[in-house]
Amino acid sequence: MKKFVPLFLAISLIVFSGCKVKDYTPELPSDFNLSAVVTSGDFSFDCEICKNNDGVSVDVLTTSAQGLRMNCDGKNLTFVYDGCSYAVNTSGFEKTNSAIVVYEVFDYLNSAEQINAKKIEGGYKYEGKISIGDFILIQNDDNSLKEITMKTSQYSIKFK
């Protein structure tokens, strides 16, 4: 029995030393320009979403708001339509605005001390909380973006 305990410990160390919890940290794009469909309840519209160091812009491509551009820099939301522009502070505006949502999701992920992506079939899943609630960001295996959904509402942004 005295020989069994050290032998068992040695075998356990060899077997379990290679086991470790995988920590996935795929690269999130810092800049992108993608087509998307934004859905809020029964309402949806096609758009182009551009993210860069200056913030996020959303160009509406369908509905009666076609031609509208919304720019969010984290503090201000600017609407540009047919040569006219209007700026509002984001703190007092509807948080389901797509430019605000995309800005806040990436601001959360970029400012988090550690983001631990979960490996899922076909990509990675990130979770966090922004001003309108808990979100899920799905990223494809090739690091392209797939979709952002809100857990507690019927709000989603599906990238094409």
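**Close-up views of a predicted single-chain model**

**Figure 1. Overall make-up of the chain.** The chain comprises two helices and 11 strands, where helices (H or I, at least four residues) and strands (E, at least two) are DSSP runs numbered from the N terminus. This is a predicted model, in which local features need pLDDT of at least 70, side-chain atom pairs count only at pLDDT 80 or more, and totals for chains, interfaces and linings use all residues. Residues are numbered from 1 along each chain as its sequence is written, and side-chain values use heavy atoms, with hydrogens and water left out. Read from the N terminus, the order of elements is α-β-β-β-β-β-β-α-β-β-β-β-β. Of the 160 residues, 32% count as buried; buried denotes under 20% relative accessible area, exposed over 50%, and partly exposed in between (1.4 Å probe, protein chains only). Carbon and sulfur atoms hold 53% of an accessible surface of about 10100 Å², as computed by the Shrake-Rupley method with a 1.4 Å probe.

**Figure 2. The largest pocket.** Its volume is about 240 Å³. A pocket is an open set of points on a 1 Å grid over the protein atoms alone, where a 1.4 Å probe fits, with protein on both sides within 12 Å along at least five of seven lines; lining residues have an atom within 4 Å of a point. Grid points are joined across faces, edges and corners, and the volume is the space filled by probe spheres set on the points. The lining of the largest pocket consists of 18 residues, with Val38, Phe43, Phe45, Met70 and Ser98 nearest the centre. Strand 1 (32–40) and strand 2 (43–52) each contribute at least two residues to this lining. By class, nine lining residues are nonpolar, eight polar and one charged (Ala, Val, Leu, Ile, Met, Phe, Trp, Tyr, Cys and Pro count as nonpolar, Asp, Glu, Lys and Arg as charged, and the others, Gly among them, as polar).

**Figure 3. Serine 98 in helix 2.** Serine 98 belongs to helix 2 and is buried, because its relative accessibility is 3%. Beyond its neighbours within four places in sequence, serine 98 contacts Val38, Phe45, Val58, Met70, Tyr155 and Ile157, contact meaning heavy atoms within 4.5 Å.

**Figure 4. The second largest pocket.** Strand 2, strand 3 (55–60) and helix 2 (98–111) each give two or more residues to the lining, and helix 2 gives the most, with four. The classes are three nonpolar, five polar and three charged residues.

**Figure 5. Two loop residues.** Glycine 122 sits in the loop between strand 7 (118–120) and strand 8 (123–130) and is partly exposed, at 39% relative accessible area. Serine 144 occupies the loop between strand 9 (133–140) and strand 10 (145–150) and is partly exposed, at 30%. The C-alpha atoms of serine 144 and leucine 28 are 8.2 Å apart, across 116 residues of the chain.

Figure 6. The structure holds zero disulfides, a disulfide being a pair of cysteine sulfur atoms within 2.5 Å. Cysteine 72 is buried, at 3% relative accessibility, whereas cysteine 84 is exposed, at 53%.
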